[in-house]
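Student: Could you walk me through this model, one feature at a time?
Tutor: Gladly; have a look at it first.

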Amino acid sequence: MNAKELKRLAPAAKSEARARGATGSLAARAAGEGLVDVAVATMDSPVGELFVAVTSKGLVTVAYETESREEVWQRLVRQVSPRVLEAAAPTDDARRELEEYFRAGRRRFDLGIDDRLMSAFARSVLRATSSVGFGELATYGEIAARIDRPKAARAVGRALGSNPIPIVIPCHRIVGVSGSLTGYAGGLARKQTLLRLEGSLT
Amino acid sequence: MSGAHRMLPPFQEFLEANRATVYRFLTVAVGPTEADDVFQEAFLAALRAFPRVEEPDKLDRWILSIASRKAIDHHRRSARRPIPTDDPPERPVDDPAPADPGDPLWEAVRSLPPRQRVAVVHRHVLDRPYAEIAELMECSEETARANVSHGTKRLRELMS
């Protein structure tokens with residue numbers, strides 16, 4: 001007998017298929033044992049596929065397709081933990097609330113927020129932004145004034161551009177003084193879609 | 001985290017890069033019906049230790065060494081299981097059959113002692129060099145060679 005015949009007991013293609021099959025229950029067990037520091041999942045939405053990441057503290061990021069997945073993953077590894085795993089259950093609430101926002105008229109999110117991907121300045125800007133409600137708009141200057149940095153409208157713009165949790169932290173509700181949409185990290189078309197959905201734009 | 005050494009990948013990426021090899025190893029090392037359980041144990045142990053990994057460029061060897069340990073532990077645990085004195089229960093119906101139950105090679109592989117079986121799989125299924133098998137099994141290269149050669153000899157005898 002040739003020892004290489006042992007290979008026929010475990011054909012490579014079959015091993016890949018069975019390993020993939022075992023991955024789902026592995027992720028569920030890992031999450032159950034509290035070993036998943038960052039649970040990630042993707043979902044479809046009217047603004048394209050969304051990547052959602054959740055930690056024990058709450059929602060840590062929502063990313064559009066325009067952002068490189070590799071960069072998003074690396075940011076999570078660097079700033080939160082390398083224990084990042086695709087796991088459905090821990091992301092259920094976040095995906096359900098987003099789904100309701102898009103399709104069932106949900107006007108506010110009741111999700112915990114993990115702000116570890118934000119700089120200290122962005123944190124204060126995004127907190128102020130969170131108080132701008134569904135169907136309302138605010139200007140960059142107004143947000144700057146709310147955080148007692150009235151001259152910092154530009155820095156506010158940059159902080160909003162770095163928002164790691166778009167849609168849930170509604171940076172799309174912040175517009176220019178003349179009512180122009182100015183810019184959006186996910187692209188102006190997405191900002192328009194969100195504002196139309198909220199009735200702020202016709 | 002120090003910038004001096006290479007960064008760890010996200011666990012998901014590490015899992016996807018290594019799961020097929022680990023599953024292939026375990027299919028032969030513990031058998032097709034047990035592979036799933038030991039596969040999960042190995043990756044759960046890896047997930048527990050992941051943030052403390054010191055050599056991110058050797059993750060493929062790291063997970064195979066964990067899987068080797070788990071495979072050997074698994075055989076030792078099964079060996080310690082008390083043997084029922086009365087009639088053994090019938091095999092459960094949903095117990096998945098081995099890939100090819102008729103293959104006499106399975107019987108031969110099952111008769112190997114755990115360390116020989118693991119060493120033989122590294123050598124002849126995954127084609128690993130002896131130095132690496134020694135590292136994976138935390139033994140000397142001579143011991144690795146001896147385990148592979150004794151195991152292979154026994155397989156040849158049983159299959160002749």
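**Reading the two chains**

Tutor: Among contacts in chain B (contact means heavy atoms within 4.5 Å) between residues at least 6 apart in sequence, 70% join residues at least 24 apart. This is a predicted model, in which local features need pLDDT of at least 70 and side-chain atom pairs count only at pLDDT 80 or more, while totals for chains, interfaces and linings use all residues. Residues are numbered from 1 along each chain as its sequence is written, chains are lettered from A and ligands numbered from 1 in the order in which they are written, and side-chain values use heavy atoms, with hydrogens and water left out.

Student: How many helices and strands does chain B have?
Tutor: Helices (H or I, at least four residues) and strands (E, at least two) are DSSP runs, numbered from the N terminus. Chain B has seven helices and zero strands, so its pattern along the sequence reads α-α-α-α-α-α-α.

Student: What share of chain B counts as buried?
Tutor: Buried means under 20% relative accessible area, exposed over 50%, and partly exposed in between (1.4 Å probe, protein chains only). In chain B, 48% of the 160 residues count as buried.

Student: Which residues have the most contacts inside the largest nonpolar core?
Tutor: A nonpolar core is a set of buried Ala, Val, Leu, Ile, Met, Phe, Trp, Tyr and Cys residues joined through side-chain atoms within 4.5 Å. The largest one here has 62 residues, and B:Phe11, B:Phe25, B:Leu26 and B:Phe43 have the most contacts inside it. At least two residues of this core come from each of helix H1 (12–32) of chain A and chain B's helices H1 (11–30), H2 (35–49), H3 (59–80), H4 (104–110), H5 (114–124), H6 (130–136) and H7 (141–159). H1(B) supplies the largest share, 10 residues. Apart from this core lies another, of 37 residues, including A:Leu98 and A:Phe109.

Student: What does B:Phe25 touch beyond its sequence neighbours?
Tutor: Leaving aside neighbours within four places in sequence, B:Phe25 has contacts that include B:Leu64, B:Ser68, B:Val121 and B:His122.

Student: Is B:Ser68 buried or exposed?
Tutor: B:Ser68 counts as buried because its relative accessibility is 1%. This serine sits in helix H3 of chain B. Its side chain makes a polar contact with the side chain of B:His122 at 2.9 Å. A polar contact is a pair of N or O atoms within 3.5 Å; within protein, one must be able to donate a hydrogen and the other to accept it, and residues adjacent in sequence count only if both atoms are side-chain atoms.

Student: How many salt bridges does the rule find across the interface of chain A and chain B?
Tutor: A salt bridge is a side-chain nitrogen of Lys or Arg within 4 Å of a carboxyl oxygen of Asp or Glu. The rule finds six across this interface. One of them joins A:Lys4 to B:Asp127, with the closest N and O atoms 3.0 Å apart.

Student: Which element gives the most to the side of chain A that touches chain B?
Tutor: H1(A) gives the most, with 13 residues. Overall, 35 residues of chain A are in contact with 38 residues of chain B.
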